Amino acid sequence: ADVSELDRVNALDYLRAAGVSERMIEWFWAFAALSVMNVPLERCSAAALLRVHSQLIGYRRLHFGFPAVGLGELFAPQAAHAIERSGGRVLLGTAVVAIDHGAILQDGTRIAADQVVLALPPQALHALDIDAPAVEPSPYISCYLWFDRKLTGARFWAQLGALRRLNTDFYDLSNIRRGWSGRPSLIASNIIYSHRAHAMSNAEIVAAAQREIAEFIPQAANARVVHAVVNRIAMAIPCPLPGSETQRPSPAMSLAGDWTRTRLPCSMESAVRSGWLVAEE
(Lines give C-alpha, C1' and ligand atoms only; values in the text may rest on other atoms or scores of the structure.)
Protein backbone atom coordinates (compact mmCIF):
# COMPACT_ATOMS: atom_id res chain seq x y z
CA ALA A 1 0.00 0.00 0.00
CA ASP A 2 2.98 2.33 0.51
CA VAL A 3 4.51 1.72 -2.91
CA SER A 4 2.93 4.65 -4.77
CA GLU A 5 3.90 7.13 -2.03
CA LEU A 6 7.45 5.80 -1.63
CA ASP A 7 7.90 5.74 -5.41
CA ARG A 8 7.81 9.55 -5.44
CA VAL A 9 11.10 9.93 -3.55
CA ASN A 10 14.63 8.65 -4.01
CA ALA A 11 16.07 6.18 -1.55
CA LEU A 12 18.85 8.45 -0.25
CA ASP A 13 16.44 11.23 0.74
CA TYR A 14 14.10 8.69 2.31
CA LEU A 15 16.84 7.05 4.42
CA ARG A 16 18.10 10.41 5.67
CA ALA A 17 14.57 11.52 6.54
CA ALA A 18 14.10 8.24 8.43
CA GLY A 19 17.16 9.01 10.57
CA VAL A 20 19.58 6.46 9.11
CA SER A 21 23.17 7.49 9.87
CA GLU A 22 25.53 8.50 7.07
CA ARG A 23 27.90 5.71 8.15
CA MET A 24 25.18 3.07 7.76
CA ILE A 25 24.11 4.56 4.45
CA GLU A 26 27.67 4.32 3.14
CA TRP A 27 28.47 0.90 4.64
CA PHE A 28 25.25 -0.95 3.74
CA TRP A 29 22.62 0.92 1.77
CA ALA A 30 24.84 2.43 -0.93
CA PHE A 31 26.33 -1.00 -1.64
CA ALA A 32 22.92 -2.72 -1.58
CA ALA A 33 21.42 -0.19 -3.99
CA LEU A 34 24.25 -0.56 -6.49
CA SER A 35 24.64 -4.35 -6.30
CA VAL A 36 20.94 -5.29 -6.12
CA MET A 37 19.12 -2.36 -7.73
CA ASN A 38 21.91 -1.42 -10.19
CA VAL A 39 21.75 2.33 -9.51
CA PRO A 40 23.16 4.72 -6.89
CA LEU A 41 20.92 5.47 -3.90
CA GLU A 42 20.11 8.98 -5.07
CA ARG A 43 18.71 7.61 -8.35
CA CYS A 44 16.80 4.66 -6.85
CA SER A 45 13.09 4.68 -6.07
CA ALA A 46 12.60 4.30 -2.33
CA ALA A 47 9.69 1.97 -3.12
CA ALA A 48 11.85 -0.31 -5.27
CA LEU A 49 14.63 -0.56 -2.67
CA LEU A 50 12.40 -1.07 0.37
CA ARG A 51 10.24 -3.66 -1.41
CA VAL A 52 13.36 -5.80 -1.90
CA HIS A 53 14.51 -5.14 1.66
CA SER A 54 11.13 -6.22 3.04
CA GLN A 55 11.45 -9.52 1.16
CA LEU A 56 15.04 -10.21 2.25
CA ILE A 57 14.45 -9.54 5.97
CA GLY A 58 11.89 -12.34 5.99
CA TYR A 59 14.69 -14.94 5.80
CA ARG A 60 16.93 -16.03 8.65
CA ARG A 61 19.59 -17.40 6.34
CA LEU A 62 20.37 -16.71 2.70
CA HIS A 63 22.13 -19.19 0.41
CA PHE A 64 23.75 -18.27 -2.89
CA GLY A 65 24.09 -20.76 -5.71
CA PHE A 66 26.61 -20.57 -8.54
CA PRO A 67 25.82 -22.20 -11.91
CA ALA A 68 28.41 -24.80 -12.92
CA VAL A 69 27.97 -23.79 -16.59
CA GLY A 70 27.17 -20.57 -18.46
CA LEU A 71 23.61 -19.29 -18.01
CA GLY A 72 22.75 -19.76 -21.69
CA GLU A 73 23.83 -23.38 -21.45
CA LEU A 74 21.99 -23.79 -18.17
CA PHE A 75 18.59 -22.42 -19.22
CA ALA A 76 18.11 -22.21 -23.00
CA PRO A 77 18.26 -25.89 -24.10
CA GLN A 78 16.05 -27.03 -21.21
CA ALA A 79 13.48 -24.30 -21.87
CA ALA A 80 13.33 -25.14 -25.57
CA HIS A 81 12.98 -28.84 -24.76
CA ALA A 82 10.07 -28.18 -22.38
CA ILE A 83 8.25 -26.12 -25.02
CA GLU A 84 8.77 -28.66 -27.79
CA ARG A 85 7.83 -31.58 -25.52
CA SER A 86 4.48 -29.84 -24.98
CA GLY A 87 3.85 -29.49 -28.71
CA GLY A 88 5.26 -25.99 -29.21
CA ARG A 89 7.96 -24.73 -31.58
CA VAL A 90 11.01 -22.62 -30.90
CA LEU A 91 12.06 -20.47 -33.88
CA LEU A 92 15.57 -19.01 -33.60
CA GLY A 93 16.92 -16.06 -35.57
CA THR A 94 13.36 -15.11 -36.50
CA ALA A 95 12.22 -11.51 -36.09
CA VAL A 96 8.59 -10.56 -35.44
CA VAL A 97 7.76 -7.37 -37.34
CA ALA A 98 4.07 -6.94 -36.46
CA ILE A 99 1.28 -8.24 -34.22
CA ASP A 100 -2.05 -8.76 -36.02
CA HIS A 101 -4.26 -11.63 -34.76
CA GLY A 102 -0.99 -13.39 -34.07
CA ALA A 103 2.58 -12.70 -35.16
CA ILE A 104 3.90 -11.68 -38.57
CA LEU A 105 7.50 -12.70 -39.13
CA GLN A 106 10.17 -10.89 -41.09
CA ASP A 107 9.84 -13.25 -44.05
CA GLY A 108 6.07 -12.62 -44.23
CA THR A 109 5.04 -15.82 -42.44
CA ARG A 110 1.93 -15.34 -40.31
CA ILE A 111 1.46 -17.33 -37.09
CA ALA A 112 -2.19 -17.13 -36.08
CA ALA A 113 -2.96 -16.93 -32.35
CA ASP A 114 -5.83 -15.95 -30.08
CA GLN A 115 -3.36 -14.78 -27.44
CA VAL A 116 0.10 -13.25 -27.86
CA VAL A 117 2.53 -12.68 -24.99
CA LEU A 118 5.32 -10.25 -25.78
CA ALA A 119 8.41 -11.05 -23.70
CA LEU A 120 10.48 -8.14 -24.98
CA PRO A 121 12.37 -5.17 -23.55
CA PRO A 122 10.54 -1.83 -23.82
CA GLN A 123 12.60 -0.48 -26.74
CA ALA A 124 11.74 -3.56 -28.82
CA LEU A 125 8.04 -2.98 -28.12
CA HIS A 126 8.35 0.58 -29.42
CA ALA A 127 9.63 -0.85 -32.72
CA LEU A 128 6.36 -2.83 -32.96
CA ASP A 129 4.28 0.32 -32.29
CA ILE A 130 3.20 -1.02 -28.91
CA ASP A 131 2.98 1.37 -25.96
CA ALA A 132 5.54 0.75 -23.24
CA PRO A 133 7.00 3.04 -20.61
CA ALA A 134 10.23 4.76 -21.55
CA VAL A 135 13.09 3.37 -19.50
CA GLU A 136 16.62 4.51 -18.78
CA PRO A 137 19.13 1.68 -19.14
CA SER A 138 21.61 0.76 -16.43
CA PRO A 139 24.78 -0.22 -18.31
CA TYR A 140 27.34 -2.80 -17.18
CA ILE A 141 30.93 -3.47 -18.06
CA SER A 142 31.92 -7.08 -17.34
CA CYS A 143 35.58 -8.12 -17.29
CA TYR A 144 37.11 -11.59 -17.56
CA LEU A 145 40.77 -11.95 -16.56
CA TRP A 146 42.70 -15.18 -17.17
CA PHE A 147 45.67 -15.34 -14.78
CA ASP A 148 48.85 -17.41 -15.04
CA ARG A 149 48.31 -19.06 -11.65
CA LYS A 150 45.72 -20.03 -9.04
CA LEU A 151 45.08 -17.01 -6.84
CA THR A 152 42.36 -18.06 -4.40
CA GLY A 153 39.98 -20.79 -3.34
CA ALA A 154 37.15 -18.28 -3.00
CA ARG A 155 34.26 -18.43 -5.42
CA PHE A 156 32.82 -14.96 -4.86
CA TRP A 157 33.55 -11.72 -3.05
CA ALA A 158 32.31 -8.15 -3.17
CA GLN A 159 33.85 -4.79 -2.35
CA LEU A 160 32.24 -2.04 -0.31
CA GLY A 161 32.70 1.61 -1.15
CA ALA A 162 30.24 1.39 -4.04
CA LEU A 163 31.18 4.25 -6.38
CA ARG A 164 34.70 4.91 -5.05
CA ARG A 165 35.99 2.00 -7.16
CA LEU A 166 34.95 0.49 -10.46
CA ASN A 167 34.04 -3.13 -9.77
CA THR A 168 31.50 -4.32 -7.24
CA ASP A 169 31.46 -8.14 -7.40
CA PHE A 170 34.06 -10.75 -8.38
CA TYR A 171 33.83 -14.46 -9.27
CA ASP A 172 36.71 -16.90 -9.68
CA LEU A 173 35.15 -19.18 -12.29
CA SER A 174 37.91 -21.77 -11.84
CA ASN A 175 36.30 -22.50 -8.45
CA ILE A 176 32.75 -22.51 -9.85
CA ARG A 177 32.67 -24.17 -13.28
CA ARG A 178 32.45 -27.94 -13.32
CA GLY A 179 35.85 -29.59 -13.91
CA TRP A 180 37.85 -26.35 -13.74
CA SER A 181 39.30 -26.71 -10.22
CA GLY A 182 42.80 -27.51 -11.51
CA ARG A 183 42.94 -24.47 -13.80
CA PRO A 184 44.58 -21.10 -13.04
CA SER A 185 42.19 -18.40 -11.83
CA LEU A 186 39.72 -16.92 -14.30
CA ILE A 187 38.15 -13.98 -12.49
CA ALA A 188 35.02 -12.24 -13.73
CA SER A 189 33.99 -8.85 -12.35
CA ASN A 190 31.20 -6.34 -12.88
CA ILE A 191 31.22 -2.56 -13.13
CA ILE A 192 27.58 -1.75 -12.36
CA TYR A 193 25.98 1.50 -13.58
CA SER A 194 29.18 1.90 -15.53
CA HIS A 195 28.99 5.52 -16.74
CA ARG A 196 32.17 6.35 -14.78
CA ALA A 197 34.14 3.90 -16.95
CA HIS A 198 32.68 4.68 -20.39
CA ALA A 199 35.66 6.81 -21.47
CA MET A 200 38.20 4.22 -20.34
CA SER A 201 39.88 1.91 -22.84
CA ASN A 202 39.65 -1.86 -22.46
CA ALA A 203 43.30 -1.94 -21.34
CA GLU A 204 42.60 0.66 -18.64
CA ILE A 205 39.58 -1.28 -17.42
CA VAL A 206 41.58 -4.53 -17.25
CA ALA A 207 44.37 -2.79 -15.30
CA ALA A 208 41.85 -1.31 -12.86
CA ALA A 209 40.18 -4.70 -12.41
CA GLN A 210 43.54 -6.31 -11.58
CA ARG A 211 44.28 -3.58 -9.01
CA GLU A 212 40.90 -4.07 -7.35
CA ILE A 213 41.30 -7.87 -7.34
CA ALA A 214 44.63 -7.30 -5.57
CA GLU A 215 42.81 -5.44 -2.78
CA PHE A 216 41.29 -8.81 -1.85
CA ILE A 217 44.10 -11.10 -3.11
CA PRO A 218 47.43 -9.23 -2.78
CA GLN A 219 49.35 -11.78 -4.90
CA ALA A 220 47.17 -10.82 -7.89
CA ALA A 221 49.25 -7.65 -8.23
CA ASN A 222 52.28 -9.71 -9.31
CA ALA A 223 50.37 -12.29 -11.37
CA ARG A 224 50.35 -12.09 -15.16
CA VAL A 225 47.08 -11.62 -17.04
CA VAL A 226 47.48 -13.98 -20.00
CA HIS A 227 44.15 -13.07 -21.62
CA ALA A 228 41.30 -10.65 -20.96
CA VAL A 229 37.85 -9.88 -22.35
CA VAL A 230 35.83 -6.73 -21.69
CA ASN A 231 32.08 -6.84 -22.42
CA ARG A 232 30.20 -3.52 -22.60
CA ILE A 233 26.50 -4.15 -21.96
CA ALA A 234 24.30 -1.22 -22.96
CA MET A 235 21.32 -2.22 -20.82
CA ALA A 236 21.76 -4.76 -18.07
CA ILE A 237 18.39 -3.76 -16.59
CA PRO A 238 16.11 -0.72 -16.70
CA CYS A 239 16.98 1.75 -13.93
CA PRO A 240 14.50 1.62 -11.00
CA LEU A 241 14.21 5.42 -10.88
CA PRO A 242 11.65 7.24 -8.72
CA GLY A 243 8.28 6.82 -10.44
CA SER A 244 9.27 3.64 -12.25
CA GLU A 245 7.50 1.21 -9.91
CA THR A 246 4.07 2.67 -10.60
CA GLN A 247 4.79 2.75 -14.37
CA ARG A 248 5.56 -0.98 -14.63
CA PRO A 249 2.77 -2.54 -16.77
CA SER A 250 0.47 -5.16 -15.27
CA PRO A 251 0.18 -8.78 -16.50
CA ALA A 252 -3.22 -7.93 -17.98
CA MET A 253 -1.38 -6.16 -20.84
CA SER A 254 0.09 -9.49 -22.06
CA LEU A 255 3.62 -8.16 -21.59
CA ALA A 256 6.27 -10.28 -19.92
CA GLY A 257 9.77 -9.37 -18.83
CA ASP A 258 11.67 -8.49 -15.70
CA TRP A 259 10.63 -4.83 -16.08
CA THR A 260 6.88 -5.54 -15.75
CA ARG A 261 4.89 -5.38 -12.48
CA THR A 262 6.21 -8.47 -10.69
CA ARG A 263 6.91 -6.96 -7.24
CA LEU A 264 10.52 -8.03 -7.73
CA PRO A 265 13.52 -6.00 -8.91
CA CYS A 266 14.53 -6.44 -12.54
CA SER A 267 16.27 -9.82 -12.51
CA MET A 268 16.01 -13.36 -13.87
CA GLU A 269 13.62 -14.21 -11.03
CA SER A 270 11.40 -11.28 -12.02
CA ALA A 271 11.42 -12.38 -15.66
CA VAL A 272 10.31 -15.90 -14.73
CA ARG A 273 7.60 -14.57 -12.41
CA SER A 274 6.31 -12.30 -15.17
CA GLY A 275 5.80 -15.31 -17.43
CA TRP A 276 3.76 -17.12 -14.79
CA LEU A 277 1.67 -14.00 -14.05
CA VAL A 278 0.82 -13.43 -17.73
CA ALA A 279 0.00 -17.11 -18.25
CA GLU A 280 -2.36 -17.04 -15.27
CA GLU A 281 -4.01 -13.85 -16.55
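Begin by selecting Arg 248 and Thr 260: a polar atom of the Arg 248 side chain lies 2.8 Å from the backbone oxygen of Thr 260. The model is a predicted one, in which local features need pLDDT of at least 70 and side-chain atom pairs count only at pLDDT 80 or more, while totals for chains, interfaces and linings use all residues. Residues are numbered from 1 along each chain as its sequence is written, and side-chain values use heavy atoms, with hydrogens and water left out.

Arg 248 lies in the loop between helix 8 and strand 10 (helices are DSSP runs of H or I with at least four residues, strands runs of E with at least two, numbered from the N terminus). At 7% relative accessibility Arg 248 counts as buried, a class that means under 20% relative accessible area, with exposed over 50% and partly exposed in between, for a 1.4 Å probe and protein chains only. Leaving aside neighbours within four places in sequence, the residues in contact with Arg 248 include Asp 258, Trp 259, Leu 264 and Cys 266, contact being heavy atoms within 4.5 Å.

In the loop that holds Arg 248, select Ser 254 next, which sits between helix 8 (244-247) and strand 10 (255-256). Most residues other than glycine have a negative phi.

Asp 129 also has a positive phi, of about 60°, although it is not a glycine. Look for Asp 129 in the loop between helix 6 (122-127) and strand 5 (137-147), where it is exposed at 74% relative accessibility.

Now select the cysteines: how many disulfides does the structure hold? There are zero, a disulfide being a pair of cysteine sulfur atoms within 2.5 Å. The sulfur of Cys 143 is 19 Å from the closest cysteine sulfur, that of Cys 239, which is too far for a bond. Cys 239 is likewise in no disulfide, and its nearest cysteine sulfur, in Cys 266, is 9.3 Å away. Cys 143 is buried, with a relative accessible area of 0%, and Cys 239 is buried at 6%.

Finish at Tyr 59, in the loop between helix 4 (46-56) and helix 5 (71-85), which is exposed with a relative accessible area of 55%.

Note on methods
A polar contact is a pair of N or O atoms within 3.5 Å; within protein, one must be able to donate a hydrogen and the other to accept it, and residues adjacent in sequence count only if both atoms are side-chain atoms.
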